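Trainee: Could you show me how to read a protein structure, one feature at a time?

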Amino acid sequence: SVLLFFFIIWLSVIVSDMIRAVLEDDVLNRVSLKKGVPRMISVIVRFSLISVGIFLAVSAVGMPLNQLTIIISAFSVGIGFGLQNVVNNFVSGIVLLFERPVQIGDAVEVNNLIGSVKSMGIRSSNIRTFDGAEVIVPNANLISNEVINWTLSDKKRRIEIFSGVAYGSDVHRVKEILLSILKHHPDILEEPEPLVLFNDLGESSLDFRLLFWIDNFDKWIIIKSEIIFKIHDALKEANIKIPFPQRDLHIKSKSID
């Protein structure tokens, strides 16, 4: 009876994994659904099949329901004493499954951790940082803490660049050059419109602030670098100097009698 009990549960797990694979690879991918819905459906189907398998196993061995109630009660006592974190993460995993604030493939920022979500389980999620490290994050942290999801609804991102020119430069000409660079870059969106703002009269430079949007979050570092290269080359070609901090040092001599 014990072997039969565990065999039925094992068989239900195998069948549920096979059905989940078929759903994810052959069925749900062909249907137009919102982001995260296919995963939610496959997980619900999997755990429903496992639950049915457990009840079939209980029925097959003839276990009375009152004994099953005693086992569940004992498990509840164990939860009350030492499994609060496990249950908290489990419930958080269910909340993440249905609310879908974070999905596989999203670029997220949790505390000081920034990376891409590679997998999501019932207890924890795997986040791969942009440095290549894989961090296991309990699901409770994704629910109870503040999480920045850069790609929840789309992959758009605003990029900000600061640039300074020397005093005496034609600021209107500088604005035209910077704005032309932004408008002619193929990855910069026309809407919202790119902006070039005269930001400040600095100690050593006339400071400009560039604001623009892109629709590919994965390339934002590369695009920002390309724009900075173009700014440097364009200002150099226009003979507009990019200053560096300067200090005037006054030395006074004092004669000693």
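Mentor: Gladly! Let's begin with a definition: a residue is called buried under 20% relative accessible area, exposed over 50%, and partly exposed in between. Keep in mind that this is a predicted model.

Trainee: Is Phe198 buried, exposed or partly exposed, and what value decides it?

Mentor: Phe198 has a relative accessibility of 42%, so Phe198 counts as partly exposed. Phe208, in contrast, is at 3% and therefore counts as buried.

Trainee: How do I read aromatic pairs, and how many does the structure hold?

Mentor: The idea is to look at ring centres and ring planes: planes under 30 degrees apart count as stacked, over 60 as edge-to-face, and the rest as tilted. The structure holds three aromatic pairs. One of them joins Phe7 and Trp10, whose ring centres are 5.9 Å apart with planes at 35°, so this pair is tilted. Phe198 and Phe208 have ring centres 4.9 Å apart and planes at 10°, so that pair is stacked. This second pair links distant parts of the chain, with Phe198 in strand E7 and Phe208 in strand E8, 10 residues apart.

Trainee: Where do Phe7 and Trp10 sit relative to each other in helix H1?

Mentor: They are three residues apart in helix H1, which means that about one helical turn separates Phe7 from Trp10. Helix H1 covers residues 2-27. Phe7 is partly exposed, at a relative accessible area of 43%. Both residues also belong to a nonpolar patch on the surface, together with Leu4, Leu11, Ile14, Val15, Met18 and Ile19. The patch has about 710 Å² of accessible area together.

Trainee: Now for strands. Which strands pair with E8?

Mentor: In general, side chains in a regular strand alternate between the two faces of the sheet. Here, strand E6 (residues 157-165) pairs with strand E8 (residues 206-214) in the antiparallel sense over nine bridges. Glu160 has Leu211 in E8 as its bridge partner. Strand E7 (residues 195-201) also pairs with E8 in the antiparallel sense, over six bridges. There, Leu197 stands opposite Arg209. E7 and E8 form a hairpin, with four residues between them.

Trainee: In what order do the five strands of the open sheet come?

Mentor: The order is E4-E3-E2-E1-E5, with antiparallel pairing. Strands E4 (134-138) and E5 (147-149) stand at the edges with a single partner strand each, so one side of each has no neighbour in the sheet. From one strand to the next, the twist averages 40°. Strand E1 (residues 107-110) pairs with E5 over three bridges, and Glu109 has Ile148 in E5 as its bridge partner.

Trainee: How many salt bridges does a search of the whole structure find?

Mentor: To read one, look for a side-chain nitrogen of Lys or Arg within 4 Å of a carboxyl oxygen of Asp or Glu. The search finds six salt bridges. Among them is Arg209 with Glu160, where the closest N and O atoms are 2.4 Å apart. This pair links strand E8 to strand E6, 49 residues apart.

Technical notes:
Residues numbered from 1 in each chain as written. Predicted model: local features only at pLDDT ≥ 70, side-chain atom pairs only at ≥ 80, totals over all residues. Heavy atoms only, no water. Pairing = 2+ DSSP bridges. Helix = DSSP H or I, 4+ residues; strand = E, 2+ residues; numbered from the N terminus. Axes fitted to C-alpha atoms, helices over the stretch in contact; angles between N-to-C directions. Patch = residues over 30% accessible without salt bridge, like charges linked within 9 Å, V, L, I, M, F, W, Y side chains within 5 Å. Areas by Shrake-Rupley, 256 points an atom, 1.4 Å probe, with all protein chains shown as cover. Phe/Tyr/Trp six-rings, centres within 6.5 Å; stacked < 30°, edge-to-face > 60°. Buried < 20%, exposed > 50% of the residue type's maximum accessible area, 1.4 Å probe, protein only.
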